[in-house]
Amino acid sequence: MSDSTSDLVSVSYVPAVFRRAVDIAELIKYANETGSGGKFGLKSIIASVITSLVISLITLVVFCLLRPNHTVVYAPKLKYADEKHQPPRVDRGFFSWIKPLVRMKEGELLERLGLDAVLYLRTLRMLRYMFSVLALIGCCMLIPVNVIINLKSSTFASSTLSTNPLALLSIEGIYGKWLAFHIACAWLFTAIVAYFIHRNYVQVLRLKGTWFRSMEYQAALSSRTLMVTDIPSKWRNDDAFRRLANEISEGQEYAQARIGREVKNLPDLIEDHEQAVRKLEKLLASYLKNPDKLPSKRPTTKDPKTKEVVDAIDYFTDHIAALEAKIETVRESIDEHGTRQYGFVSYAAIPYAHQVARKRKRKSIKGVSTTLCPPPQDILWKNLNTPKPKRRTNRFIGSLLFFALSVLWIVPNALIATFISNIYNLGLVWPAFQSQIYRYPTFWAIMQGVLAPIILAMFFMLLPSIMRRISVWQGDMTKSSRERSVMSKLYFFFVVNNLLIFTLFGTAWNLVAAIITAAANQDGTNVSIWNAIKDYHLLDNAAGAVVGVSTFWITYLVQRNLSVLLDLVQLVSLLIRTFKKNSMAPTPREMIEWTAPQNFDYASYYNAALFYATIGLSYGLIAPLVLPFAVIVFWVSSFLYKYNLMYVSQTKIESGGRYWRMMVNRLIFASCFANVVFFAIVWVQYDILKAVYVAPLPFLMVGFKLYLTFVFDPQVDYYIPGGPKKGVEVGAMPSPPMAIYSGKDRLADRFGHSSLHQPLAKVMVHAKARHLLPYVYQGKNGPAPTTGMLNTGAAPATYEVVAENELDFGKYKDRADFAEFRQDDGDVDGNQKNEESFDLVTQTEGMLSHPQPPQAYDPAYYHDRTPSAGVNALYPQAYNSSDYFGKVPTNGSGMATPDDRFEMQPVMAGGYVGAENDRQGLLTQDTGYYPPRGPPSRQASFASAASAAGMERAGSDRSNGYGQGYDYYRQPR
């Protein structure tokens, strides 16, 4: 599936967006009421708590009832995950799903879920424990102090107590020296936040080390590869790039180097082909919905070239066939000499690549950017070729557009708050509409309740997609970096629009009114705007607004628990899918995709957790009652999202825990923001000299961030066993798995553009309409055959008949056209597993593409023997076959297997791995390399590449001398 498809809104995302819209609608409505002096009463808060609790319990019971009978919805990973990633089995008991959540520990979760999922769960666990401590201090110390001081305070009016009893628990009526205790608590709160971040950073460092040493990471080619971008034009050829790779490595011998190849417009053609296939599938599903009674008229469309109305099915069939022909033509015309501004350099071992990447981060070479290489499935290939000046310009313009969106949204936000959330206000300025309100009060009351959430839901459905497109346009080079950029933008948007603007909305509204009033007095004299602002006491009113709206956030956090439970039960998603299946005409592809495990939206979920944490920290000192409700949110979230990640959702592409640092940065910002808010309140309700005691806290947190950056981040980012300062130690080098010695992981195969070999999607048609296909496709040559080709008189377009019992993701999970719904499998791309992709010599390698020797790994080998250039780059100069083949492990070691049919295999006296006839002693000559086994095309590819490298084969087949020694093949002929 193309990258653009990931921007679409999933069915399961719609209910979450609608709930968020309801929350924001209530929020902005309350902001409008605050400007008019409205307050939340204790009864409304109690009602909100009870309602949320009752609905949450009902939702939980519904989940427990539905779960055993709907495994595809509530535990798809049990069915589709491989053995390594499959969660524990759960029986049909009502609460049986709780036991594995309690028993599954972090180490096992790391193996099954990956580092991103584990660090998200650790984030929730850190927040739940951190806020538990803060809530304990707030409830046992701050609230009693607030109650005592407020009751004794002359400034805390009895009217305030009657209209807003919860204000008694806040600092609304506390002034002067009584705030000294709260200043001390501000220091304590900041220290607690820093302690939990530091404590968990240490654990994250341990988890990252475990992940670095995992077999999956050690076997991945990307783990020991660097991605080089922004290569100047003079370095964009094979020989020049090899020299550049040597300069980047600074003496560290690299294994392979490959510069990116020009693919012309091939990616765009493949994306157009996929869209056309989906459109044709939709047309066929709708037209053939009832096979016993076809519509009287066939669907039509407008031909974009001729502007004529034509038969839609025939048009898209011909269009698909034409695109397939173009794709094939372009693939055949790809010139290997055409290069791009990016390339890849791999090394013999992971620490070597990481050490070079760390050096290049501090000091660039030739103006190129050198970073650790992401998995090929994570790369946004189009952006790799975007020039750096254009990316810089796009990044600046994109930031301006996002900032403008965040600021301009204030206007519709205010209009919704003023007129949509309270339709009566619209009637005040529109007399004709006022009469309609009085005539149909019940109808407009209902519309007032649903109209604002619907409008906001539409906006929030588009918001992440807009941010993804902005991030891609700004030049993000990977999908995971795009998602992190979306997370950053979402957090900024929520803090500005839903926290800052909401809090100060009433204050700003009253300030505008005061300026207008003061600007034209009754005696006709004008007062300057500056004097009107000074007379309004903006800072005092702003601080009062912050304290005044604190009670709203209690009800907001209470409703978060319901949101988490609704995410778990997916009831709305089930209803939507059931409606689409029975009332509409979904395509077989859509129904298959419905059964796939969902991709976990880390950007949205991290943003939600951070936003709740920001609310809790910002109001923890002002209204401590917020803290216990934040604790409940994080405890419920950490438990239920653990189930979600174990059984329902998957990590599409593993980023290696890169969300962690972004989360920590925003949590530190939240602490600084909370201290700035409290500084302003102390300034207003005490004095500026006492507020100075709070002033150092933000700067201390910034210093704490710098400490984390210099002490922890290098160890989190790079795998250097000897430590980032000492470098790679010989004795600390781990034994890499045999996978790195196989020809499978060559850069030419793994990091070639996927469009060069990606299989094209076929049109899926439901089996119930198969007998109608000859009549649907009436081309120039008569009825279409039903053997897999649709004949329309033009080039044929392939189709695929799908039976009802085959509408299951498990049957298609390994196919390229469903890769978007498949969990990332490292560097092994199913699209690239084709026999014809083999070649012996990679054009830009610094050596021949022989597999590395399958020996037991010895660190001294790489350090005590100086490798030579060219063919012997990874072999000792004094070649001795016993160095390599005397230590060949057995199959059980996870190394080369006899079943590996298509890769070159090193041989030893008496035979070589995987060739039974050679094991009988037919070959007894010196160690050498055989051509690949497999189809003739593979053997021809070997012969052609060997000839190009200046090598000759010694005989016509294996049995008559094809086992010449290594020295024989390396000599030019």
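The model is predicted. Helices α9 and α29 pack against each other, and the structure holds 43 aromatic pairs.

**Helix packing**

- Helix α9 spans residues 180-212 and helix α29 spans residues 659-685; their axes lie 11 Å apart, at an angle of about 175°.
- Because angles over 145 degrees count as roughly antiparallel, α9 is roughly antiparallel to α29.
- On the α9 side, the contact is made by H182, I183, A186, T190, V193, I197, N200, Y201 and V204.
- On the α29 side, the contact residues are W660, R661, V664, L667, I668, S671, N675, F678 and V682.
- Sorted by class, the contact of α9 with α29 has 12 nonpolar, five polar and one charged residues.

**Aromatic rings**

- A pair of aromatic rings is described by the distance of the centres and the angle of the planes.
- One of the 43 aromatic pairs joins Y707 and F712, with 6.0 Å centre to centre and 85° between the planes.
- This pair of Y707 and F712 is edge-to-face, because the angle between planes is over 60 degrees.
- Y707 is partly exposed, at 36% relative accessibility, whereas F712 is buried, with a relative accessible area of 6%.
- Ring pairs also link Y120, F600, Y602, Y605, Y606, Y641 and Y659 into a cluster.

**Charges over rings**

- R128 has its charged end over the ring of W635, 4.2 Å from the ring's centre.
- K489 lies over the face of F402, and the distance to the ring centre is 6.0 Å.

Definitions and conventions. Residues numbered from 1 in each chain as written. Predicted model: local features only at pLDDT ≥ 70, side-chain atom pairs only at ≥ 80, totals over all residues. Heavy atoms only, no water. Axes fitted to C-alpha atoms, helices over the stretch in contact; angles between N-to-C directions. Helix = DSSP H or I, 4+ residues; strand = E, 2+ residues; numbered from the N terminus. Parallel < 35°, antiparallel > 145°, perpendicular 65-115°, else oblique. Contact = heavy atoms within 4.5 Å. Nonpolar A, V, L, I, M, F, W, Y, C, P; charged D, E, K, R; others polar. Phe/Tyr/Trp six-rings, centres within 6.5 Å; stacked < 30°, edge-to-face > 60°. Buried < 20%, exposed > 50% of the residue type's maximum accessible area, 1.4 Å probe, protein only. Lys NZ or Arg CZ within 6 Å of the ring centre and 35° of its normal.
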